[in-house]
Structure formats: C-alpha cells, structure tokens
Amino acid sequence: DRQTLVAVLQFLRRSNLRESEEILRREARLLGDDLGGNVATVATSSPGVAAVAAVPPGKGEARGVGPSSGREPREVGSPCAARSLGGSPLCWDTRVGAVVVEDQPDVSAVLSAYNQQGDPTLYEEYYSGLKHFIECSLDCHRAELSQLFYPLFVHMYLELVYNQHESEAKSFFERFHGDQECYYQDDLRVLSSLTKKEHMKGNETMLDFRTSKFVLRISRDSYQLLKRHLQEKQNNQIWNIVQEHLYIDIFDGMPRSKQQIDAMVGSLAGEAKREANKAKVFFGLLKEPEFDVPLDDEDEEGENEEGKPKKKKPKKDNVGSKSKKQDPNAPPQNRIPLPELKDSDKLDKVMNMKEAARRVRLGPECLPSICFYTFLNAYQGLTAVDITDDSSMIVGGFADSTVRVWSVTPKKLRSVKTAADLSLIDKESDDVLERIMDEKTASELKILYGHSGPVYGTSFSPDRNYLLSCSEDGTVRLWSLQTFTCLVGYKGHNYPVWDTQFSPYGYYFVSGGHDRVARLWATDHYQPLRIFAGHLADVTCTRFHPNSNYIATGSADRTIRLWDVLNGNCVRIFTGHKGPIHSLAFSPNGRFLATGATDGRVLLWDIGHGLMVGELKGHTDTIYALRFSRDGEILASGSMDNTVRLWDAVKAFEDLETDDFTTATGHINLPENSQDLLLGTYMTKSTPVVHLHFTRRNLLLAAGAYSSQ
C-alpha cells in the first residue's frame, strides 16, 4: 500500500540507493514530488519507540476499514506500516524524506507493537462485540473460540496502558477481568498492578507475554468462523492483535470439547504448538552391563516364615540375562558418554539384585507399607529432602542454610582419618576401606555448613560418595560423604537455585533456578556443559530420565519441558497444569512422566507420543513429591495437604488411545473419574509431605517436617 511504499522510497533515498529508488518509483508510477506528501510526522513519545501515523489531507483520524482502497493509507499503525523494513519499526523524522531506522533492544521493539491502534473509547465495544459473537456461536465452536478471551483481554489492556489511556484501561479491566478462567487469577493480579506505561518497561512477566506468541489450538472450521466475523464487522483492532500476538495452530477435524481444551490450557503462553512434540525421543532404557553374581549360602539354606524349607530357585548365571535384548526405543549405548562402572558400583549392583529378588510385588491387592520420617522441631525450616537409593541415609536442606545428613541404619556416619593416620595403614589389607574410617568421628548426624541462604534442593550420588545441594545463594555445592566437607561450589546461576539432581549414572547433574534456565553440569567441570533455555518463568524442579539422555524440567510458567542432553534441544512441551510445577517422576520403564503442581492435580504423560494420558484428582494442595514403585505398578504422591496417596499406575497406563489422529490433533480423552485409580489415602497428623522414596524392596518411605499450626 501507499504508505509502506513511501517509507521504502524514503529509506532508499537516504541510503543513496538512487538506482533502486528509480526502479521502484517507475514500477509504482510515483513521481518525485509525491514523496512524503501524505505522511504526517508524529513525535515519538520515548526514544527508540516507533510511532507511525498516516493522515490523509483533509481527514481527521485514519482508522482503516477493510482492505485499503486506492490511495487511502492503511489503518494507523497496522502491522504492515510498523514492520515494513526488516521487522524494525520506523521512526519518522521531521525532515520530509528521511526515515530513521534504529536497532532497538527487545523491550522497545516488542512494546512498540502497541502503538496507538484505534480509538481507546471503543475497546470495550470491540471486546464485548466479540464476546457476544462467541457466546452466540454453536456449542462446538464456542468452547474453542472462548480461548481467545484471555489473550485478547491482556493485549487490549496492555495496549491501552501503553498508549497512556489509563482511565479507559482501568474501566476495561474492571468490566471484563471477571470473565476470565479462574486459573489465570495470578496472572491477572500482576496485570492489574500495571497501570502506567512506565510499569511495562521492567516487568518480566509482561515482557514474556509480549515476546512469546500466545498459542491457541483451534479447528479450521472455528477459525474460518472467527475470521469471517472479524472481516464482516471490520474489527481490525482485534484482527491486528490476533495476527501480531497470537499463534493459531489450526488443525483439520472435529473441534475439541470444553473438557479436552480445559485439560490442556492454562500455561503462561497457551498450549504447546503441535510441532513442538513431534521430535523422536529415545525413551527406552539402556542395556545393563553383564557380570556374574556370586550366590549366597544363606539365601539357599534359609527357611521361610512357616518353617518349610525354601524351594530352590534356578539361579540366573548373570544379571544381564534379563535385558539381553536391546530395547528398540532405547538410545544408542554411547549416545552420551557415561562413566565407567567401578568395582564398588558392581558390588552395589549385586546387592541391588539380591534385594530385588526379595521385592514385594505391589498392586491393588498388595499395597506397600509406608514408613514416615517426621522432622520434629525443625524451626530452621525444612526446605528439601533426599534419601539414598539403598535407603541408608537421609539428608535435609534447611532455611538456616545448613545441610544435615542422618544415617537411618544402625551404621553410624564416619569420616576418613587424617592424612597422618592414613599413611600408617597397610594398603594391601582386605578391609582397607574399613580401616581408613575414623571411629572417633562416628555419629548419627553430620551438619554441613557452607551455603549462605536457604537450601532448596539436595541429591545423593548413586554411589553414595557425594551429595549435591543448591541454595538461594545462587550456588550448587558438591559435598564429600567420606570427609563431610565441601569439594566444589558451582557458580552459574545468578539467582536462587530451586532444584538439583544427580544423573542415575552419577557424574552429570542438573540444576534449575529463578533465572528461568536449567543447566547441565559434570562434577569435574566448573562451567555448565549445557544451558537449557526456553521456560518463561522460574525452573522449579528438575529430573533425569532413567536413561540419562533426557532431562525434564517443571516451571512456574505452568509447563513441563523435556530436553535432550546430547544437543540441548527442547523435544517436548507439556501444558495442562494450572499452577507452578513442583514435582516430576519418570516411570521405571522410561515411557511415562508424572507431574504434580500447586493446582493439586497429578498429570500423566506419554513421552513417546507427546500426549497427556491421565489426570489424577484428589489432593487439595500443592504436590511436592511423586514416586513410582520399583517396578512401576504404583504411583505415590505426597502433598501439602498432609496426605500420601497411592494410585494404580498399571491401570492408568493400560489400553491408551494413542492413535495417529489423537497425536496429530490433541483430542485427548481422559477417563472421567480418577477415583477408581486411587488405591489409598494416608493422613499424617500435621506434616506436609515433601519427599517420597521406594526402597529396593518396595517399602515406601515418606518425609516431612511437623508443622504445629
């Protein structure tokens, strides 16, 4: 259109590209004196923010109607005008024929999309007009189109605020904020405090809302209906916002029902684009290394409870026989370098196999016993708990910046002797590992000092030689459990670090924090190996996949992302929670992920297909702990509502509908009632549950700090 053309010509003239200017002028049949005739300058309200207005001679305000006819310029500030040159807004200079093109920082560029776009007094009319249209449309379309209410409400409000129509913005907010879904309440609270243009500059939440397009998944029929309505009504204001700030993911097929949509929406930036969950994920388990298991005499000759001699089981000659076949969904064994097994690791694996042989098979008829570790008098505020894989030690992170390690077996915690004493030991003796420990240091509890803020995450290494802790002070610390001293402080996060976890194979670990990124580290590197960026708010929890090739992160932006450790790519985005995510658990077979959040719901995800496959309702408060039993038959969840709940995981994951159609469109059909999956609810007196752990024999351990209120 003419306005854009004029802008380009002026730019070419200013850049001394005379030849191009002439060619374009001839093509467009424009004469020299036409240049800049109809372009009125607008003083920009702040440096670096573009304002473009076109005022045809003899007309007041140009508010475009439909496609621009003939020589009339488009509507004021249309996306076309603002983005005519390589996406950078144009600042019109007062000298006719000069266009200033500035390289602007993100913030201004993003906010400049809100340049005056229409009559502020009509915004309420536009919005209520659309609202009326959607509410009167057919049921099948209404549910889908209702998704537009929230993003449009936010963007129209911000547009009014940005253009300093404060009273109109206030009345717009008051009139329509009650119509929004309840799960946007927290976001609306932030929004209501933004009442002046200046507030928008430094506000991170709002900047995210600006830079990331809000994603809506709508069927083609519903989309055509909307488009037709907006074009008939010539409601350019709303159409501009839809094009500028929303990403509409259109699919072919039946529109989705209200339940299907409600299950998936609620995150800060809408749903995930379907493209985001298309990449292949190797969710299978790695092959276990093979080695011989020595047979124990007492296993053979012991008698069972009734006094009958045990039936001799045919013993397997090696551990690997169980998983000789390579899982077709497993990553290649050497896809990422994993540490070699040490002799002590092999010994531990053997112990693990023996324990596993005595493991209780759980199920609806055979629920686990639960042993609850209550932290009493924890006035220093318990903020994190972890239990070693063999259930021999428990660690607590506290708000007074200490890390406390307890032995939960009769075996006390001992440190290694001093260097002088160690030199006297015979290094060849069989019990050298026992001799290096100093009996004088034996105690049930060790306190580790070093952090300078509350400790929000703790994690034992699989070999029980190390312990990780992360804190509000922005560091992750690695502690030795031989000397009970700090070995390294990893500095990379500039803000509080909310969670950290060791890889199931040791060596690697992950951390996530307030700076919205998760970092992958190796214990022997000072710098992170990978930085996983993409969340729009704090990364609140982190988890390694059992094969260590992937990392799941949960965030306060209400999404869960799965990252590939090899290349740092985000391979899955899961939306559906209505509050910040606080717990994650992979099923032992690596196929499924369970997530818990402040909304009190546990959601179940099929990783391979990238789909939500279940929703477990029952908790009434934030879910801080999730754990699958060792063979994956039962999912345990622990919450701030002082309960542990057990769910039937086998039933939850059986006969899933994961056909191609569902995968392509996201028409998920969740079972109406999750109560028949609930196997039991166990109350504590007044102790919120912050950690759960299944022992190798499937006894469930839970932990939390008694709260007296």
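The model is predicted: local features need pLDDT of at least 70, side-chain atom pairs count only at pLDDT 80 or more, and totals for chains, interfaces and linings use all residues. Residues are numbered from 1 along each chain as its sequence is written, and side-chain values use heavy atoms, with hydrogens and water left out.

Overall make-up to start. The protein chain has 20 helices and 33 strands; helices (H or I, at least four residues) and strands (E, at least two) are DSSP runs, numbered from the N terminus. Of its 709 residues, 52% count as buried, where buried means under 20% relative accessible area, exposed over 50%, and partly exposed in between, with a 1.4 Å probe and protein chains only. Among contacts in the chain with a separation of 6 or more, 61% are between residues 24 or more positions apart. Contact here means heavy atoms within 4.5 Å.

Now the helices. The axes of α7, residues 149-162, and α13, residues 236-245, come within 10 Å and cross at roughly 105°. That makes α7 roughly perpendicular to α13. Axes are lines fitted to C-alpha atoms, for helices over the stretch in contact, and angles run from 0 to 180 degrees between N-to-C directions. Under 35 degrees counts as roughly parallel, over 145 as roughly antiparallel, 65 to 115 as roughly perpendicular, and the rest as oblique. On the α7 side the contact uses Leu-152, His-155, Met-156 and Glu-159, and on the α13 side Gln-237, Ile-238, Ile-241, Val-242 and His-245.

Helix α9, residues 185-192, has Asp-187, Leu-188 and Leu-191 as its buried residues. Seen down the axis of α9, these fall within an arc of 100°, so they line one face of the helix. The arc is that of the directions from the helix axis to the C-beta atoms.

On to the strands. There is an open sheet of four strands in the order β6-β7-β8-β11, with antiparallel pairing. Two strands pair if DSSP finds at least two bridges between them. The edges are β6 (382-387) and β11 (445-448), each pairing on one side only. Neighbouring strands in this sheet are turned by 20° against each other on average, direction ignored. Strand β8, residues 403-407, is joined to β11 by four bridges, and Val-405 stands opposite Lys-446 in β11.

Which residues does Phe-460 touch, leaving aside its neighbours within four places in sequence? Its contacts include Asp-386, Ile-387, Val-405, Leu-481 and Phe-502. Phe-460 lies in strand β12, residues 455-460, and at 7% relative accessibility it counts as buried. Phe-460 and Gln-501 are 41 residues apart in sequence but 8.0 Å apart in space, C-alpha to C-alpha.

In strand β16, residues 497-502, five of the six residues are buried, so β16 is largely enclosed by the rest of the structure. β16 pairs with β17, residues 508-513, in the antiparallel sense over five bridges, and Phe-502 has Phe-509 in β17 as its bridge partner. The two strands form a hairpin with five residues between them, and Gly-506 in the turn has a positive phi of about 75°.

Last, strand β32, residues 691-694. His-691 and His-693 point one way from β32, Leu-692 and Phe-694 the other way, and all are buried. β32 pairs with β33, residues 700-705, in the antiparallel sense over four bridges, with His-693 opposite Leu-701. β32 and β33 form a hairpin with five residues between them; Asn-698 in the turn has a positive phi of about 75°.
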